[in-house]
Amino acid sequence: MIYFIVGTDTDCGKTHVAKKFAESKCVIKPIETGKNSFADINDSDCYQLAKIQNKDIKDINVYFFNHPTSPHQAADLDGEEIDIDFVKSFINEKEETYVELAGGLMVPLVGSYTQLDLIKEVGGEVILVIGNKLGCINHSLLTLKVLRDSGIKIKEVIFNDFGEVNEMTIENERIIRELGDL
């Protein structure tokens, strides 16, 4: 089974969740951007996942672009193009794989081909990570709607409170669970 770790937006805590799964599961991040923004490449998501799993980076990642932007734009800036069929075969190499995606659900990979398209073609279930912060209600409900309208099963929803539980985070979670039918 393939499980996609999807975020409501960037910096919502996908990698934090992926690293927890990597302690006991196969976790990959086929596409990462922002290589030139790391002072130490070992701090990048894919290198951290490789280290936790005691694997080589090539077992975790196939595209690591320089610029911290959406994959389609980062690939273009690096003079490359993402081979979707290669990414799909990389994801399907193992029986049970957790796949951390790059950014949110509707992020383009090539042209108008989004991460949602990738999930629909590969199949599998989604683990939705919600960065519990201002704006998350809208992002979360839209993401849940798109997943459901696309017939994609939601395995789990994880609220990332960034270590701070307060009245806002409690209310956000309550509203999302209620309006999102969770």
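The structure is a predicted model, in which local features need pLDDT of at least 70, side-chain atom pairs count only at pLDDT 80 or more, and totals for chains, interfaces and linings use all residues. Residues are numbered from 1 along each chain as its sequence is written, and side-chain values use heavy atoms, with hydrogens and water left out.

**Overall chain**

Seven helices and nine strands make up the secondary structure of the chain; these are DSSP runs numbered from the N terminus, with helices being H or I of at least four residues and strands E of at least two. The radius of gyration is 16 Å, close to the 16 Å that the globule rule gives for 182 residues, so the chain is as compact as a globular protein of that length. That radius is taken over C-alpha atoms, and the rule is 2.2 Å times the number of residues to the power 0.38. The C-alpha trace spans about 45 × 35 × 30 Å along its principal axes.

Of the 182 residues, 48% count as buried, meaning under 20% relative accessible area with a 1.4 Å probe and protein chains only. Contacts (heavy atoms within 4.5 Å) between residues at least 6 apart in sequence join residues at least 24 apart in 74% of cases. The chain carries 19 positive and 31 negative side chains, and the centres of the two sets lie 4 Å apart. Here Lys and Arg count as positive and Asp and Glu as negative, without His and the chain ends; the charge is placed at NZ of Lys, CZ of Arg, CG of Asp or CD of Glu.

Five strands form an open sheet with parallel pairing, in the order 2-5-1-8-9. Strand 2 (27–28) and strand 9 (153–160) are the edge strands, each pairing on one side only. Two strands pair if DSSP finds at least two bridges between them.

| Partner of strand 1 | Sense | Bridges |
|---|---|---|
| Strand 5 (residues 97–104) | parallel | five bridges |
| Strand 8 (residues 125–131) | parallel | five bridges |

On the strand 5 side, Ile5 has Glu100 as its bridge partner, and Ile2 stands opposite Thr97. Towards strand 8, Phe4 is bridged to Val126.

Strand 1 (residues 2–7) is mostly covered, with six of its six residues buried. In a regular strand the side chains alternate between the two faces of the sheet. Ile2, Phe4 and Val6 point one way from strand 1, whereas Tyr3, Ile5 and Gly7 point the other way.

Methods
Buried < 20%, exposed > 50% of the residue type's maximum accessible area, 1.4 Å probe, protein only.
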